[in-house]
Amino acid sequence: MAYDEAYVAKPNTGSLFKNSFKKTETQPDLRGEVVLDKTFLLDLIDKSKEPTIKVSVSAWSKESEKVGKYLSMSIGQPYVKKTESNPWE
């Protein structure tokens, strides 16, 4: 990651940090990166019947001495509600 080159993100995770270079309201408040596993991406593409692909994003507020407060993220398959007729979905 640009903020800490020694840190190696796990596949399908990412982080958002305060944009310390923000000068105007049109620039993002937070910036970061997400590392996606190629197999995960290919599986999403293979299963999709739509022109767009939806993923699930979860985030946790964290803090470190080096970068201060940030959001840690996890990317995954979209949540599919189980039905009574098919509890294995």
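## Sheet and overall layout

Four strands form an open sheet in the order E2-E1-E4-E3, with antiparallel pairing. Strand E2 (30-35) and E3 stand at the edges, each with a single partner strand, so one side of each lacks a neighbour in the sheet. From one strand to the next, the twist averages 20 degrees. Axes here are lines fitted to C-alpha atoms, for helices over the stretch in contact, and angles run from 0 to 180 degrees between N-to-C directions.

This is a predicted model: local features need pLDDT of at least 70, side-chain atom pairs count only at pLDDT 80 or more, and totals for chains, interfaces and linings use all residues. Residues are numbered from 1 along each chain as its sequence is written, and side-chain values use heavy atoms, with hydrogens and water left out.

The protein has one helix and four strands. Along the sequence they follow the pattern β-β-α-β-β. Helices (H or I, at least four residues) and strands (E, at least two) are DSSP runs, numbered from the N terminus.

## Strand pairing around E4

Two strands pair if DSSP finds at least two bridges between them. E1 and E4 run antiparallel and are joined by five bridges. In one of them, Ser15 has Ser72 in E4 as its bridge partner.

Strand E3 (residues 56-64) pairs with E4 in the antiparallel sense over nine bridges. A hairpin of three residues joins E3 to E4. Glu63 is bridged to Lys69 in E4. Ser56 is bridged to Gly76 in E4.

## The aromatic pair

A pair of aromatic rings is described by the distance of the centres and the angle of the planes. Rings of Phe, Tyr and Trp (its six-membered ring) pair if their centres lie within 6.5 Å; planes under 30 degrees apart count as stacked, over 60 as edge-to-face and the rest as tilted. The count is one aromatic pair. The ring centres of Phe17 and Tyr70 are 5.1 Å apart and the planes are at 25 degrees, so this pair is stacked.

The pair links distant parts of the chain, 53 residues apart: Phe17 lies in strand E1 (residues 13-18) and Tyr70 in strand E4 (residues 68-76). Both Phe17 and Tyr70 are buried. Buried means under 20% relative accessible area, exposed over 50%, and partly exposed in between (1.4 Å probe, protein chains only).

## Salt bridges

Side chains of opposite charge can pair when their charged atoms come close. A salt bridge here is a side-chain nitrogen of Lys or Arg within 4 Å of a carboxyl oxygen of Asp or Glu. The count is two salt bridges.

Lys22 pairs with Asp29 in a salt bridge, with the closest N and O atoms 2.3 Å apart. Lys22 is partly exposed at 26% relative accessibility. Asp29 is exposed at 53%.

Asp43 and Lys47 form a salt bridge, with the closest N and O atoms 3.3 Å apart. They sit four residues apart in helix H1 (residues 38-47), so about one helical turn separates them. Asp43 is partly exposed at 28%. Lys47 is exposed at 53% relative accessibility.

## Burial, contacts and surface

Of the 89 residues of the protein, 17% count as buried. Contact means heavy atoms within 4.5 Å. Among contacts with a separation of 6 or more, 39% are between residues 24 or more positions apart.

The protein exposes about 7600 Å², and carbon and sulfur atoms supply 55% of it. Accessible areas come from the Shrake-Rupley method with a 1.4 Å probe; for residues, only the protein chains shown count as cover.
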